[in-house]
Amino acid sequence: MTEQEAYLRLTALCAQAEHCPQEMRDKMTRWNIDETEQERIIARLTEERYIDEERYARAFAKDKIRYNKWGRRKVQQALWMKRISTDIQQRVLDEIDENEYISALRPLLQQKRKGIKARNDYELNQKLVRFALGRGFGFDIIRRCMDVPDDIDINDAED
């Protein structure tokens with residue numbers, strides 16, 4: 001595949017959805033395009049605003065929180081895996097609306113609460129906290145959504 005053919009295929013992809021530079025590099029590597037050509041194509045895509053790390057990170061974070069019910073930590077980890085710079089990650093995570101963030105977690109916890117078997121409220125709360133931590137939510141926001149007492153110890157429960 002030539003450099004021009006790769007560029008045209010990538011512009012078509014970028015016109016359909018947001019993509020980050022790392023995704024484009026991965027595709028070009030699969031297409032056996034050498035690194036110097038890859039960098040030229042990435043530079044051209046960036047210059048022509050087909051790809052933009054910050055725009056991508058914003059859309060990614062918004063979608064993962066709204067539709068996948070991910071917390072900030074999980075979103076940050078995913079952005080790190082996509083090699084989005086830390087300053088962009090931080091800026092995007094700081095822009096997340098607190099009310100939308102809480103409204104993603106509350107129904108998730110209510111739904112999960114229905115399916116958890118526990119001997120008492122303490123064990124139920126521990127399981128819910130673990131679940132939410134696994135989704136990437138911080139303990140402070142979990143406590144606000146659940147009204148969990150400060151003395152709960154998530155390492156103390158039996159599964």
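Buried is used here for residues under 20% relative accessible area and exposed for those over 50%, with partly exposed in between, as computed with a 1.4 Å probe on protein chains only. This is a predicted model, in which local features need pLDDT of at least 70 and side-chain atom pairs count only at pLDDT 80 or more, while totals for chains, interfaces and linings use all residues. Residues are numbered from 1 along each chain as its sequence is written, and side-chain values use heavy atoms, with hydrogens and water left out.

The buried residues of α6 are I88, Q89, V92 and L93. Seen down the helix axis, these buried residues fall within an arc of 125° (the arc of the directions from the axis to the C-beta atoms), so they line one face of α6. An α-helix has 3.6 residues a turn, so residues three or four places apart point the same way. The cover over the buried residues of α6 includes α4 and α5, whereas the face turned away from the buried side carries the exposed residues T86 and D94.

Two loops in this part of the chain each hold an arginine with a positive phi. R83 lies in the loop between α5 (72–81) and α6 (86–94), and its phi is near 60°, a positive value in a residue other than glycine; with a relative accessible area of 58%, R83 is exposed. R49 is placed in the loop between α3 (35–47) and α4 (53–66), also has a phi near 60°, and counts as exposed because its relative accessibility is 51%.

Turning to the cysteines, a search of the whole structure finds zero disulfides (pairs of cysteine sulfur atoms within 2.5 Å). For C14, the nearest cysteine sulfur is that of C20, 9.7 Å away. C14 counts as buried because its relative accessibility is 9%, and C20 counts as buried because its value is 0%.

Finally, confidence: pLDDT, the predictor's confidence in each residue from 0 to 100, has a mean of 88 over the protein chain, and 92% of the residues reach 70 or more. Residues 148–152 have pLDDT below 50, and beyond near neighbours in sequence this stretch has ten contacts (heavy atoms within 4.5 Å) in the model. Over residues 154–159 the pLDDT is likewise below 50, with 16 contacts beyond near neighbours in sequence. Where pLDDT is low, the predicted coordinates should not be read in detail.

Terms used. Helices (H or I, at least four residues) and strands (E, at least two) are DSSP runs, numbered from the N terminus.
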